[in-house]
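Please look through the model with me.

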Amino acid sequence: MTTSNFHYDLFVIGTGPGGEGAAMQAAKGGLRVGVAERYQQIGGGCTHWGTIPSKALRYAVTSTMRSLRNPVLREMGVNVSPSMAQLQRGTQSIIGKQVSMRQSFYDRNHVPVHRGQCRFVDEHTVQVDDGELIRSKFFVVATGTRPWRPPGVDFDHPRVFDSDTVLDLEERPDSITVYGAGVIGTEYASMFRNLGIKVNLVNSRSKLLEFLDDEIIDALSYHLRDQGVIIRHNESMDSIDPQDDGVILTLKSGKRLKTDVLLWANGRQGNTDDLGLDNIPIEANRRGQIDVNEQFQTVLPHIYAVGDVIGMPSLASAAYTQGRAAAMHLLGTADGNLRVHDIPTGIYTSPEISSVGRNERELTEACIPYEVGQAQFRSLARAQITGSTTGMLKLLFHRDTREILGVHCFGANASEIIHIGQAIMNQPGEHNTINYFIETTFNYPTMAEAYRVAALNGVNRLF
Ligand SMILES: Cc1cc2nc3c(=O)[nH]c(=O)nc-3n(C[C@H](O)[C@H](O)[C@H](O)COP(=O)(O)OP(=O)(O)OC[C@H]3O[C@@H](n4cnc5c(N)ncnc54)[C@H](O)[C@@H]3O)c2cc1C
């Protein structure tokens, strides 16, 4: 087949961060690029049901509740209780801004958006809804995921939600059970508790967010419990029984929890079931995910897959980088400096959590002689001024070479602060050193000053 037989050089399925990263990189590289999107607006789950609405709602909740707790307002008799619909109002305008900005990227780069469900017809051909057959030399599948719904649970009941439908919650419930304590469940549990709602967080594992550093997990558990979240570990659902006045969750351990509403946040399913995969030799696993190699190629080398549909880390940040990496690879300009595996974790609970690199458990298992440097936020002038004294920055570094091996942080602005450590960790050879933080002058007072405090704390332990 010659290039002229194709309508496009690259056809991208999905306009979330994975699809956008691939489409823009390829268009800038001079390829003829088209995309398909089945939702009425571009932007993906990231913009409409995931990252953007949840973080916009979190901001509305934290800023509103902080203001309402202000003693001056209380003294003036201001004692109101905002509804979910009021808190959500700002979210819609942010989504609108994101959509129009992202649409302009497609317009400016002459990338047509084909609206509808895209399915493979054969290895080089797709069809969007019932439209004309579209032939392309390469494809990037960036179709994302949706919440997994267990059989036997009535998700049409007005008291039962998943992470997509919870955004439609109009009234503020008095109590909620969040089933599933992964990142999404824990973030929502924290947000609802900030609103003064009674929260049960049910975890099927023995710890919250097991991939984090143990000390950070302990801190998160402590603070959530301290705020009043009831956490149940090692539990699994037996049945969910929605009633007129609440939802009863029965656990296999025999416990029964009744709350006004239930948020199911346990598991996600790749959007591959209606993609026409039965017409090509690509198979999705039981979670609907597609296997890829290091270059994000599927078993068919001209069909790439990126973002949530390939599994962990399932972050918008990672999806975008993966999309770019796939486009660079098919352009033949693969950039060895694109750090597709250097993905920081940002978890928007209260307190916020962020980390990059290896944690203490991993370093211990690998027998790497590391040392720890810590800075408590309560000892930082900036934190005292802003009242953000809950938190800690922890640097893990090699005790011989002083190379930084991991940075772990919880507290205000953790997901921003982490990038300073990430930048130093990525310096080549001996330039990745904890000495940087001892030898460099930082603005004062700042939260970033925690790096100097933690570095001195760690180096002082060396002998
Ligand atoms: C509640 C929540 C909070 C989150 N918070 C964060 C966060 O704070 N930070 C972070 O980095 N990540 C966060 N995430 C994860 C982030 O949203 C995802 O990692 C990201 O959206 C994945 O991007 P993607 O491009 O792979 O897929 P998506 O953004 O899901 O986009 C996939 C697109 O493909 C379209 N599509 C699917 N199938 C087809 C088809 N056959 N034809 C045409 N179009 C199709 C869909 O309509 C969708 O628009 C959060 C997720 C959730 C659910």
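Q: In which sense do S19 and strand S22 (residues 404-411) pair, and over how many bridges?
A: This is a predicted model, in which local features need pLDDT of at least 70 and side-chain atom pairs count only at pLDDT 80 or more, while totals for chains, interfaces and linings use all residues. Residues are numbered from 1 along each chain as its sequence is written. Helices (H or I, at least four residues) and strands (E, at least two) are DSSP runs, numbered from the N terminus, and two strands pair if DSSP finds at least two bridges between them. S19 and S22 pair in the antiparallel sense, over five bridges.

Q: Why is strand S19 (residues 353-357) described as largely enclosed by the rest of the structure?
A: A residue is buried if 20 or more other C-beta atoms lie within 10 Å of its own, exposed if 12 or fewer, and partly exposed in between, with C-beta atoms placed from the backbone. S19 is largely enclosed because, of its five residues, the number buried is five.

Q: How many of the eight residues of S22 are buried?
A: S22 is mostly covered. The number of its eight residues that are buried is eight.

Q: How many residues lie between S18 and S19 in their hairpin?
A: Strand S18 (residues 345-347) runs antiparallel to S19, and three bridges join them. Within this pair, Gly346 stands opposite Ser354. The number of residues between the two strands of the hairpin is five.

Q: Which residue takes a positive phi in the hairpin of S21 and S22?
A: Strand S21 (residues 391-398) is joined to S22 by seven bridges, and the two run antiparallel. Gly391 of this pair stands opposite Gly411 in S22. The hairpin has five residues between the strands, and the residue with a positive phi near 70° is Arg402.

Q: Which residue in S13 stands opposite Asp241?
A: S12 and strand S13 (residues 246-251) run antiparallel and are joined by six bridges. The residue opposite Asp241 is Ile248.

Q: Is Gly182 buried or exposed?
A: Gly182 is found in the loop between strand S9 (175-179) and helix H6 (183-194). The unreviewed UniProt entry lists Gly182 under "binding site", along with residues including Ala181 and Val183; such annotations may be inferred rather than shown by experiment. Because Gly182 has 20 C-beta neighbours inside 10 Å, it counts as buried.

Q: Is Ala181 buried or exposed?
A: Ala181 has its place in the loop between S9 and H6. With 26 other C-beta atoms within 10 Å, Ala181 is buried.

Q: Is Thr440 buried or exposed?
A: Thr440 lies in the loop between helix H12 (435-439) and helix H13 (450-459). It has 11 other C-beta atoms within 10 Å, so Thr440 is exposed.

Q: How many C-beta neighbours inside 10 Å does Asp308 have?
A: The unreviewed UniProt entry also lists Lys55 and Asp308 for "binding site". Lys55 is found in helix H3 and counts as partly exposed with 16 C-beta neighbours inside 10 Å. Asp308 is in the loop between strand S17 (303-305) and H8. Asp308 counts as buried, and its number of C-beta neighbours is 30.

Q: How many charged residues are in the shell around the ligand?
A: The ligand is surrounded by 38 residues, and Gly14, Gly16, Gly44, Gly144 and Gly307 are the closest. Ala, Val, Leu, Ile, Met, Phe, Trp, Tyr, Cys and Pro count as nonpolar, Asp, Glu, Lys and Arg as charged, and the others, Gly among them, as polar. The shell has 15 nonpolar and 19 polar residues, and the number of charged ones is four.

Definitions and conventions. A residue is near a molecule or strand if its C-beta atom, placed from the backbone, lies within 6 Å of it.
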